[in-house]
Amino acid sequence: IYLPEYGPRKKDKNAPPFSNDIKSFKESVLQSLVDIRIAGEILKNEDLVDKNKLQLGGLSLGALMTAISAGMDPFFDRYLIGLGGGDLANAMTIEKKKTFGVIREALQNIDWNVDFARKELSDFDALTWAYTVHHKKFIFLSAENDELVDLDKSVMKLINAYKENGNSVVHYKHKGSHVPL
């Protein structure tokens, strides 16, 4: 699934993926959740798909969306959260000087402080919804030197919330960063 404002769904091919407009960003998150659910419904109705083992996975922003989907609409049985976690506000407002390449380009037009983003995005945050997820299976892949997703505040906090609710969680860490070199 291409998230809104990514790949072929990007309206302006020369613009970075996000604008400073929080309303547009929230609409993109909602559209992504609808897209994920529709994809799951399509898979559920395919004869070649084992309906008892539907899985959702994503990397980076896709991982954040996977975690949000797991809490808001726990349709899938298994989830892969690669280089992501909870605390969407922190990831969206990270100091741009800590990032590079595609991430820096994506975040360059966002001028939100973390408190504003946390207030505006709390309805969508995986940490807000983590306690509603029960008896699912999660695999986390994290970077020890992730410059975008905080290992303790974002990843471990989400993992602990999932474990407290009887979810199975396997966590792998690699020594790299968020963006492979």
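This is a predicted model: local features need pLDDT of at least 70, side-chain atom pairs count only at pLDDT 80 or more; totals for chains, interfaces and linings use all residues.
Residues are numbered from 1 along each chain as its sequence is written. Local features need pLDDT of at least 70 and side-chain atom pairs pLDDT 80 or more, while totals for chains, interfaces and linings use all residues; side-chain values use heavy atoms, without hydrogens and water.

**Exercise 1.** Work out how E27 and K23 are placed in the helix and how they pair.

*Solution.* 
- Start with the contact: E27 and K23 form a salt bridge, 2.9 Å from N to O.
- Helices (H or I, at least four residues) and strands (E, at least two) are DSSP runs, numbered from the N terminus.
- Finally, check accessibility: buried is under 20% relative accessible area, exposed over 50%, and partly exposed in between (1.4 Å probe, protein chains only). E27 is partly exposed at 42%, and K23 is exposed at 55%.

**Exercise 2.** Trace the salt bridges of R37 to E41 and D73.

*Solution.* 
- Within helix α1, R37 and E41 are 4 residues apart, about one turn. Their closest N and O atoms are 3.0 Å apart.
- R37 is partly exposed at 29%, as is E41 at 24%.
- R37 also bridges to D73, at 2.5 Å from N to O. D73 lies in the loop between α2 (61-72) and β2 (78-82), so this pair ties together parts 36 residues apart in sequence.
- D73 is partly exposed, at 24%.
- To finish, shared partners join R37, E41, K44 and D73 into one salt-bridge network.

Definitions and conventions:
A salt bridge is a side-chain nitrogen of Lys or Arg within 4 Å of a carboxyl oxygen of Asp or Glu.
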